[in-house]
Number of protein chains: 6
Amino acid sequence: MSSIVVQHIDRADSAIIDGLAKCGVATVHEAQGRTGLLASYMRPIYTGARIAGSAVTISSPPGDNWMVHVAIEQLQPGDIMVLAPTSPCEDGYFGDLLANSAQARGCRGLIIDAGVRDVRDLTEMQFPVWSKAIYAQGTVKNTLGSVNVPVVCANGLVNPGDVIVADDDGVCVVPRAQAEAVLKAAEAREANEGDKRAKLASGVLGLDMYKMRERLAAEGLKYV
Amino acid sequence: MSSIVVQHIDRADSAIIDGLAKCGVATVHEAQGRTGLLASYMRPIYTGARIAGSAVTISSPPGDNWMVHVAIEQLQPGDIMVLAPTSPCEDGYFGDLLANSAQARGCRGLIIDAGVRDVRDLTEMQFPVWSKAIYAQGTVKNTLGSVNVPVVCANGLVNPGDVIVADDDGVCVVPRAQAEAVLKAAEAREANEGDKRAKLASGVLGLDMYKMRERLAAEGLKYV
Amino acid sequence: MSSIVVQHIDRADSAIIDGLAKCGVATVHEAQGRTGLLASYMRPIYTGARIAGSAVTISSPPGDNWMVHVAIEQLQPGDIMVLAPTSPCEDGYFGDLLANSAQARGCRGLIIDAGVRDVRDLTEMQFPVWSKAIYAQGTVKNTLGSVNVPVVCANGLVNPGDVIVADDDGVCVVPRAQAEAVLKAAEAREANEGDKRAKLASGVLGLDMYKMRERLAAEGLKYV
Amino acid sequence: MSSIVVQHIDRADSAIIDGLAKCGVATVHEAQGRTGLLASYMRPIYTGARIAGSAVTISSPPGDNWMVHVAIEQLQPGDIMVLAPTSPCEDGYFGDLLANSAQARGCRGLIIDAGVRDVRDLTEMQFPVWSKAIYAQGTVKNTLGSVNVPVVCANGLVNPGDVIVADDDGVCVVPRAQAEAVLKAAEAREANEGDKRAKLASGVLGLDMYKMRERLAAEGLKYV
Amino acid sequence: MSSIVVQHIDRADSAIIDGLAKCGVATVHEAQGRTGLLASYMRPIYTGARIAGSAVTISSPPGDNWMVHVAIEQLQPGDIMVLAPTSPCEDGYFGDLLANSAQARGCRGLIIDAGVRDVRDLTEMQFPVWSKAIYAQGTVKNTLGSVNVPVVCANGLVNPGDVIVADDDGVCVVPRAQAEAVLKAAEAREANEGDKRAKLASGVLGLDMYKMRERLAAEGLKYV
Amino acid sequence: MSSIVVQHIDRADSAIIDGLAKCGVATVHEAQGRTGLLASYMRPIYTGARIAGSAVTISSPPGDNWMVHVAIEQLQPGDIMVLAPTSPCEDGYFGDLLANSAQARGCRGLIIDAGVRDVRDLTEMQFPVWSKAIYAQGTVKNTLGSVNVPVVCANGLVNPGDVIVADDDGVCVVPRAQAEAVLKAAEAREANEGDKRAKLASGVLGLDMYKMRERLAAEGLKYV
């Protein structure tokens, strides 16, 4: 497989991206039909971050972070790097030096199906990372990979330019072409949830609010 | 297996429950003969919570949270929900809407051998959850389960009305009938520990305080 | 295998140890040729601690913490205990009583390829622990082990007196005899990194700073 | 918790037990409403065995197989030992010596939520074991446990005298009191399946045999 | 997300498919540039099978095998079913009844990122399955999914009609459009390997055959 | 860390090695005081092999099998290769070509804390491998490692020339200097076990044979 860097990728509109960030992972995931989540082992290195951005994807050999340097040149403000190793690996591909470089180009964070290090520095810099592992293991720069090709990351497909939404609940991928529609559905959902939340908080039961009692009885639920 | 909701369960006395909360998981577990712990993968979504309450149990199909709505109606102030899926699952059965509803009924928290989502909201609400995963994956409402039947949750048996104690060390189950005796043993243990703690902090060695030297020598330990 | 306690071990110079603490795990690991890391599942019970100290090693049977009491007597100020069970185990060998005792002797922390409990107390005391699990499960005091013998802990070899460096990135072992040389290499690395960090933060690309473009082209990377 | 050996337990009728063995795990599990399975990590040490028997349960400390000797005295022909450690452990509690002893008393096999060793010998003896691990790690005989008390084994509740069914698909527990009813349901299921199997093997589609087409359309499935 | 069944998919030429089967997973994977492998946890239920076929893909909810019935109607002789649940699941979606049905339509096997049951029967029928788990847990038929849409299965992307190659080494996906080129490369590789194998078996060292000595020395390898 | 190949290593006497093979892993492990086992995830690619040999150790970067070629030149008849990657990896470092080369030099097998491929060929050749994974993922030849240096493999320390014993129970490491003493202890154990086995098979209880009843009573075991 030849190693390539795709220099031009299409990105979603920044207003759409920022709207998706506001909705958060759980809502966006529901809004697009319960699809797009990466594996639950992808955890943030610190809590509280909620971001969205355009995916700049990196396909890298295990234990080799050469392509991260290549990818950083392709970053535009608002992008999020998504790194998938070509075989399972938890090495620390990324640390504070690379984070400084990425942040200088406006990068909003990193999604990596491998390891990350210097997490104290990254936390201080407020450069958020969702990773499979925290591990100081260093990497080499010997073998090529590719930038901005489709990758499978943590059991999810990511195309370059897809919108990545990430927060304490995990990471969700929104295909670029659907981003606008998903945002609308997510915002509708949010509007609707505010009302529900108030009712439930006031003591109304979901059983009544969602009119579940009849169907439960029909299915045969017995109260004893 | 028919799906049932047991509407009346016996609960331990609230003073006993609150006493157990104060002792915490490690002490309570020791006090009842080193039994009752759930698996160590059950982790809190935020640190610092220490609760106890009566178990309202939920047996649910994988990926189906219908029974949570049913269970919430059965909650009394001071209860803790305990959800065990009928096959392994990490879907996010529970989020901020359900937490509002549960909190409105006085529920103290959730123990779930599956996933949870909206953890930022749950943290802000101070609704504590101990779970196997944090995962935004949504669930359906199609298949019945049961409420307030015995369940095996995270490799531990939980009967409805058992006292659940949970803190940063994990989750411990105290059978309702033993709750009073366990509390006494736990408080005795605590009283005793205060004294030991002071001695150890002052530099007295456990070897001397517990008079271990002779037995170590008898077993053949050699200092070289 | 006879059970022994080695009472005299050589330790590295305290200035060297403190220097290594300042450099942190990722830098020290690189400085000694990318060796010495323990497995990535060794995680701190709270974030923010960065310590170094001389290893007092403990080889213990599974579920038996008798040797911890024996080890504490061998501690000198600045030491770090390193416990490896003789078969995989996640029981809570260590809690706040033992921490009080260890802290009274100047112990800086614990590295344990098993479980720990009372983590709320340990956090309040600021006694840092890196462990495989947080688990309240108690242990017995029935079977001997050894203190200050070589152990394999979390897939890394630790000799008594080796320098342990631990922070949010994990745990690294520096053989005592190499500690001085590793410190020098680590400090050189740090000095060098400050300069790089500034350049990268100002927008200079790693591709240019490290002069990678020619080699990438030679390897066949194609920009499309 | 005091350590006890319950010497008399009730067992199901041997014809019922043998009938359940013939049906196998998947059918029995379905016949009792999709309940009773132990965790999927419980794997047979060799393929092809299909057994059923009455559970003689063992609650043992981690890494301590003393209670196995105690349990063997309680075995009657047709029994199956079920061992659950009180905290997670993969040590080899059981090997060919104990298997000779158990087989001499008519024991049909072992279900162990821990490790087993001498698997080549056990295979030659055709003494089947379902375990969490194969591991040569030895155990001690220092701490008491109990025999014939309820245990939670591999996330399933087992009461002494329950019928254990085990084959290449895993392990299923049938509560003694329900064994007869479950057998009837299982045999009915089997009779019914023979007919279905023949139809499906002849090319009839499940879509038609189960009359699914209408409901699929009603749910909104689209053929494109 | 609407649920669809794509009824027409393009398949690779059967001679190409059979040629890829002969080469086996390791060779095919190398021949297409070390890409296309599914996760290593995908293991065969019995050893010795080596198959290739066209992927008929199934996206299914967790614990719901309704879509398998739908997919079987879409099978053509030589096809392989590839099932990916929409969230992690190890339930037994597939057993001997479905295998009879699939085999009646010429299906060569199943790749499933979940569980399978009746493995003794499947082995006797020689219907090979590569799965994440063997687990008797039953499923329901309540929620729609899709057939012949792109799926991510065991961390690999599979498009309907892609060629699946599976043997004791695991599972490899060959994009349909590249199948012919990959076969050529694989066969060339095989031809080449026969010669190498003979040389190595005769005692010629890889160091000499691949002329590695000079490069090793240049990199700094020292013989001591 | 410089990369070295140690060309001369001391080996144990071949009669001792062959004697240890006959005893098998479980017995040898007991005979040396329950030490030396590698992690239980190290499983044989086929059952029935029981080997012993002198360790030729390989420390390799993740995903890079260059050093295997270097190690093969160092093999003498009766040796076993032991490969430990410098960070966790499950790539297939080894397949049938390398096995032909190793077998040509009299190598008895491979212990690898990573992946292996071509397992069908290796099984036919009867070249046994104990590995962490079976995975077709290829490796590169870019970065040096070392041969015949001490390595930590699957949580066990292996020095070059140590005796490796491996069978269906796993892998055990016997330090070369202790090999003779361990063999004696193992053979004594075996002699002793034959007698015990016969007694137990005849129905004598371990409780009586080991005279456990008194100690059990003293510890407080109650028969009810």
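A salt bridge is here a side-chain nitrogen of Lys or Arg within 4 Å of a carboxyl oxygen of Asp or Glu. By that rule, the interface of chain D and chain F in this predicted model holds three salt bridges. In one of them, the side chains of D:Arg117 and F:Glu30 come together at 2.9 Å, N to O.

| Element of chain D | Residues |
|---|---|
| β1 | 4–5 |
| α3 | 66–74 |
| α4 | 96–104 |
| α5 | 119–125 |
| β6 | 129–134 |

Of this side of chain D, the largest share, seven residues, is contributed by α3(D). By residue class, the side of chain D that touches chain F consists of 16 nonpolar, 13 polar and eight charged residues.

Turning to extent, 37 residues of chain D are in contact with 35 residues of chain F, and the two chains bury about 3,100 Å² between them, with 57% of that area on carbon and sulfur atoms. Of the area that chain D buries against chain F, 21% is supplied by D:Trp66, D:Leu97 and D:Arg120, which is more than any other three residues supply.

Strand pairing also crosses between the chains, for β1(D) is joined by two bridges to strand β12 (residues 222–223) of chain F, and these strands run parallel. Within β12(F), F:Tyr223 is the bridge partner of D:Val5.

Technical notes. Residues numbered from 1 in each chain as written. Chains lettered and ligands numbered in written order. Predicted model: local features only at pLDDT ≥ 70, side-chain atom pairs only at ≥ 80, totals over all residues. Heavy atoms only, no water. Contact = heavy atoms within 4.5 Å. Buried area = accessible area lost by both parts, 1.4 Å probe. Helix = DSSP H or I, 4+ residues; strand = E, 2+ residues; numbered from the N terminus. Nonpolar A, V, L, I, M, F, W, Y, C, P; charged D, E, K, R; others polar. Pairing = 2+ DSSP bridges.
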